[in-house]
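Here are my notes for a first look at this model. Please read them with the structure open beside you.

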Amino acid sequence: MSAMKLAYGCAPLLLVAACSGGPSVVNTDDTPPAGTPTAQPAPSTTRPSNAHLANAFHFAARVDGATGYYFTTPSGRWQCAILPRAKAGCENANSPTSAVAITGAPDEVDGSDGEPGVPNAIVVDRGGDPRFVAQSPPEFGPDQGAATVLPFNRILAVAGFRCNVQEANGVSCMSEASGKGFTFSAEGHAMTYTDVPADAP
């Protein structure tokens with residue numbers, strides 16, 4: 001039944017229910033035109049948790065005249081840093097220039113000099129996608145001594161980035177500007193941030 005019939009005065013036998021103001025069901029059996037867009041799910045509005053924040057002051061160190069926020073994992077295997085408003089990343093704590101040794105990492109990536117190289121770090125920039133890099137010199141450890149340990153289930157959130165270490169998932173960092181990040185352990189990686197559950201100990 002078309003809307004035009006309704007607009008021109010209700011045909012006596014066909015539209016009694018519609019004209020009487022009572023409830024009615026109209027089924028025209030018309031199929032929607034091809035190419036009708038389907039509803040897309042709304043983007044996630046879940047904000048990262050702030051339930052387990054670490055005090056960023058304890059992780060600050062000056063390297064090459066700039067302040068960064070450096071940490072090592074409880075195992076001592078990885079060292080990581082948040083370089084304010086630029087990037088967050090991780091490398092091997094014992095041998096920062098050697099291969100990153102993460103299952104599934106690429107065998108070769110473009111180095112900072114444009115030449116192919118073995119990836120020795122994983123990084124997320126402020127606005128870019130997370131990726132493996134071949135960096136020289138290493139960037140994610142302090143100049144002297146070991147960085148402060150970031151305990152399990154504590155979140156270091158500072159200068160536009162956040163990182164955490166979880167026993168089950170490994171290390172995770174993200175850019176708060178883009179929402180992009182990474183999660184990795186020696187056993188594998190995912191190019192997404194894994195938040196610390198609000199009820200974590």
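Buried means under 20% relative accessible area, exposed means over 50%, and partly exposed is in between (1.4 Å probe, protein chains only). The model is predicted: local features need pLDDT of at least 70, side-chain atom pairs count only at pLDDT 80 or more, and totals for chains, interfaces and linings use all residues. Residues are numbered from 1 along each chain as its sequence is written, and side-chain values use heavy atoms, with hydrogens and water left out.

1. Overall picture. The chain has 2 helices and 14 strands. These are DSSP runs, numbered from the N terminus (helices H or I, at least four residues; strands E, at least two). Of the 201 residues, 36% count as buried. The accessible surface is about 11,800 Å², and 53% of that belongs to carbon and sulfur atoms. Areas come from the Shrake-Rupley method with a 1.4 Å probe; for residues, only the protein chains shown count as cover. Contact means heavy atoms within 4.5 Å. Among contacts with a separation of 6 or more, 52% come from residues 24 or more positions apart.

2. Asparagine 92. This residue is found in strand S4. Asparagine 92 counts as buried because its relative accessible area is 15%. A polar contact is a pair of N or O atoms within 3.5 Å; within protein, one must be able to donate a hydrogen and the other to accept it, and residues adjacent in sequence count only if both atoms are side-chain atoms. A polar side-chain atom of asparagine 92 lies 2.8 Å from the backbone nitrogen of asparagine 94. For the backbone nitrogen of serine 95, the distance to a polar atom of that side chain is 3.0 Å. Leaving aside residues up to four places away in sequence, asparagine 92 touches Arg77, Trp78, Gln79, Ser98 and Asn120.

3. Glutamate 91. Strand S4 (residues 87-92) also holds glutamate 91. The side chain of glutamate 91 does make polar contacts, with the side chains of glutamine 79 at 2.8 Å and glutamine 135 at 2.5 Å.

4. Aromatic rings. Rings of Phe, Tyr and Trp (its six-membered ring) pair if their centres lie within 6.5 Å; planes under 30 degrees apart are stacked, over 60 edge-to-face, and the rest tilted. The count is 2 aromatic pairs. Tryptophan 78 and phenylalanine 184 pair edge-to-face, 4.9 Å centre to centre with 90° between the planes. Tryptophan 78 lies in strand S3 (residues 78-83) and phenylalanine 184 in strand S13 (residues 181-185), so this pair ties together parts 106 residues apart in sequence. Phenylalanine 182 and phenylalanine 184 form a tilted pair, at 6.0 Å and 45°. Tryptophan 78 and phenylalanine 184 are both buried, and phenylalanine 182 is buried at 0% relative accessible area.

5. Backbone points to check. Most residues other than glycine have a negative phi, and most peptide bonds are trans. Serine 136 and proline 137 are joined by a cis peptide bond, with omega about 0°. Proline 137 lies in the loop between strands S8 (131-133) and S9 (148-149). Aspartate 64 is not a glycine, yet has a positive phi of about 50°. Aspartate 64 is exposed, with a relative accessible area of 75%.
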